[in-house]
2 protein chains.
Amino acid sequence: MPTVSTEDYLKQIRKLQEGAARVSTSALAASLGIADASVTAMLKKLAGQGLVSYQPYQGVTLTEKGEAFALRTLRRHRLWELFLVRHLGFSWDRIHEEAERLEHATSEALEAALDRALGFPRLDPHGDPIPSHDGRIEECTGAALTALPTGALARVRRVADGDPELLRHAGRLGVVPEASLEVRERFGFDGSLRVRVGGRDRFLSAEVARHVFVDLLEARDG
Amino acid sequence: MPTVSTEDYLKQIRKLQEGAARVSTSALAASLGIADASVTAMLKKLAGQGLVSYQPYQGVTLTEKGEAFALRTLRRHRLWELFLVRHLGFSWDRIHEEAERLEHATSEALEAALDRALGFPRLDPHGDPIPSHDGRIEECTGAALTALPTGALARVRRVADGDPELLRHAGRLGVVPEASLEVRERFGFDGSLRVRVGGRDRFLSAEVARHVFVDLLEARDG
DNA sequence: GCATCGTTTTAGCCTTGGCTAAAAATATCT
DNA sequence: AGATATTTTTAGCCAAGGCTAAAACGATGC
């Protein structure tokens, strides 16, 4: 069985691997908040267990086995996030750190029980896809809100997980998955937006908009 | 914050302390499945943190601080056990090992959310009392089923947590907390019983009966 | 009161997963 | 290409929690 550290490394490597083919030691170290040298040592161990393929000075990639473990952890994480919101009354900005601990304390049986209790969900509260039990995961579709033209109608699909402050803020504005919105005005100088959402006009900074992904419903030029 | 090991040690010391004033190194080691020498080393550490009072060769006792941590862990354990049964469809013989992991991954906020979702319960699925948030715990009352005279009517209060096989067996027979039963016949040679429970006559070995505690409703001699 | 026996501690070692500082490899700039 | 800058690895260290084998302690029997 993988240790907590192992699960964290694999999950993080997978995350960084999206986009880049190989993950550098320093990028991984920075994102885990661990010294570069410690990461080098750990990568050798993971390589020895066949979880990553590691070439000194060339970064790492997950092996199939490593990817399976990474997805298993991610699945447990996202099931817990949804469970905390639906069944335990947590707000979506506080679930990440809870899930971060619970994911490592979850047996196969518990994972299955969560899945069942939630009705075999496909998305977590941030709109991120929950990997299936057999390690399949949907692509994150959706356009960045920043890319929408004025007048566009769209449905929020995903608010990128990350800063709790940002999530709390977006939540208060009604910018949550499934919400419909319309781009009312774009401010070129700083990339911020005015949008119509939940019957109200709201201002979104570029910082916020960058984390919001939407499905375009109608692109009506204004 | 205490580590997983620390929580396990404190919980176990508290358990062994019921009855005996001081807990010996070897008793603790045996019940934790850890070598005596390792336990000695750990006790010194715990003493250094003010969690136990430890006199070489004289065993340990929990300090008030240590007791508080032990009860906190026990509270989380029992809240999880009940939650797993009530909200996740687990049967009571499989919850111990799950709770054993989850208790260490539970924040203050999660503990409170579980408590609320369960309606501030006082007993876990085995009938054991759940410590309150401020560290109070009810005495385990109830007479051993083995001590009941023939003809006695009683209500099951508690089935001692332990062997999953025993729990599964008791559960199948309907010997669960809140169940009413009547002692029909006692077999002196091996201490086993015939009882009426759930409209049926059941045979309970002494081994099972020893783990069942009841409130006496009526002692009618037969 | 001394020898013996069981319990407990000490001594020395291991693995995991961290750290810093220094050395080596790769990348970049002119 | 050569010097310099950046990245990565190596070397050596630490704390937590385990282990075994040997020594010390405390209790018991005679």
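As a general point, side chains of opposite charge can pair when their charged atoms come close. Please keep in mind throughout that this is a predicted model, and that the values I quote are computed from it.

Staying with charged pairs for a moment, a search of the whole structure, taken over all chains, finds 46 salt bridges. In chain A, there is a network of salt bridges that links A:Glu182, A:Arg184, A:Glu185, A:Arg194, A:Arg196 and A:Asp201. Turning to chain B, B:Glu185 forms a salt bridge with B:Arg194, where the closest N and O atoms are 2.8 Å apart, and B:Glu185 itself is partly exposed, with a relative accessible area of 31%. Another salt bridge in chain B joins the side chains of B:Asp201 and B:Arg196, again given as N to O, at 2.8 Å; here B:Asp201 counts as partly exposed at 28% relative accessibility, and B:Arg196 counts as partly exposed at 31%.

Now to the place where the two chains meet. How many salt bridges does the rule find across the interface of chain A and chain B? The count there is zero, although two residue pairs are in polar contact between chain A and chain B, both at pLDDT 80 or more. On the side of chain A that touches chain B, the elements that give two or more residues are helix 4 (64-88), helix 5 (95-102) and helix 6 (108-117) of chain A. Of these, helix 6 of chain A provides the largest share, six residues, and the residues of that side divide into twelve nonpolar, three polar and three charged.

In terms of extent, 18 residues of chain A are in contact with 18 residues of chain B. The two chains bury about 1,300 Å² between them, and 72% of that is on carbon and sulfur atoms. Within chain A, the residues that lose the most area to chain B are A:Leu88, A:Ala105 and A:Leu110, which together make up 34% of what that side buries.

B:Arg76 lies in helix 4 (residues 64-88) of chain B, and B:Arg76 is buried because its relative accessible area is 4%, under the cut-off of 20%. Its side chain makes a polar contact, at 2.6 Å, with the side chain of B:Glu111, and, apart from neighbours within four places in sequence, its contacts include B:Glu103, B:Thr106 and B:Ser107.

In chain A, A:Gly142 is found in the loop between helix 6 and strand 3 (143-144), and counts as partly exposed at 32% relative accessibility. Not counting residues up to four places away in sequence, A:Gly142 touches A:Arg157, A:Phe213, A:Val214 and A:Asp215.

How values were computed:
Residues numbered from 1 in each chain as written. Chains lettered and ligands numbered in written order. Predicted model: local features only at pLDDT ≥ 70, side-chain atom pairs only at ≥ 80, totals over all residues. Heavy atoms only, no water. Contact = heavy atoms within 4.5 Å. Buried area = accessible area lost by both parts, 1.4 Å probe. Salt bridge = Lys/Arg side-chain N within 4 Å of Asp/Glu carboxyl O. Polar contact = N/O pair within 3.5 Å; in protein donor to acceptor, adjacent residues only side chain to side chain. Helix = DSSP H or I, 4+ residues; strand = E, 2+ residues; numbered from the N terminus. Nonpolar A, V, L, I, M, F, W, Y, C, P; charged D, E, K, R; others polar. Buried < 20%, exposed > 50% of the residue type's maximum accessible area, 1.4 Å probe, protein only.
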